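Dear colleague,

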Amino acid sequence: MYTPPFFKQDRAASLKFADERGFGTMCAFDGHKPVASALPFYLTYADDGTPHAAFHVARHNPLVKLADGVSSWLLAVSGPDAYVSPDWYVSPDQVPTWLYQSVHLSGPVRLLSDDELSVQIDVLSDKFESWLLPKPPWTSAKMTAGRRETMKKAIVGLVMTVEEVEGSFKLNQHKSDADFAAVANALGEGDADAREISHLMRQSRPPIFTDQVFADDTNMLERSAP
């Protein structure tokens, strides 16, 4: 992942983001072309702190045959993203850009045993059912044994040993307070992703979002303009 220093995230922040998102695109190479699938996952950690990304795919998914435990795969996890118009900046001569959050996890992937898959199914559903509280959580125990086994035979469990963690959160960190605030305010009037980016920007520089500070910065730029 190409990441300018301004946007680079540390390992802990990147793993936290990936785990909280819990959904990404798993990519491998079959020797001729990339193979990818969008899927949910969860992270666990070995005793030595090594992260593992657990997931499953349909039994006939081409990824299954590529899980040799040696070849490195890539899990791309994206968050909200939003287009930024140059018209929103206070400073002149700006260009269009795109703000986003993205994390890449990479490492070898192996197949899970049947028992490991059973655990994975429950852990994965528990993770996302917890998002729906106070709804009583769904569990696989609500299915009949026959139906549960039939469905389980249709999937294959896999786990990635995460060897590399890369994170890029491009939130205009390199811009002045005046430009930063102007863009965040404009994004706050946009769609859901734009509003989320605006929220993240506001969280990163809360002091500049008082009316007084923003007005002072704007006036200073205007006075310094030729």
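Which helices and strands each supply at least two residues of the lining of the largest pocket? They are helix 1 (11–21), strand 5 (72–84) and helix 5 (192–204). Helices (H or I, at least four residues) and strands (E, at least two) are DSSP runs, numbered from the N terminus.

This is a predicted model, in which local features need pLDDT of at least 70 and side-chain atom pairs count only at pLDDT 80 or more, while totals for chains, interfaces and linings use all residues. Residues are numbered from 1 along each chain as its sequence is written, and side-chain values use heavy atoms, with hydrogens and water left out.

A pocket is an open set of points on a 1 Å grid over the protein atoms alone, where a 1.4 Å probe fits, with protein on both sides within 12 Å along at least five of seven lines; lining residues have an atom within 4 Å of a point. The largest pocket holds about 330 Å³ of space, the volume being that filled by probe spheres set on the points. Among its 14 lining residues, Phe17, Glu20, Gln101, Phe169 and Leu200 are the closest to its centre. Helix 1 gives the largest share of this lining, five residues.

The second largest pocket contains about 260 Å³. Its lining also numbers 14 residues, with Ile121, Ser140, Met143, Arg148 and Ile155 the closest to the centre. Here helix 2 (114–129) and helix 3 (145–153) each supply at least two residues, and the largest share, five residues, comes from helix 2.

Yours sincerely
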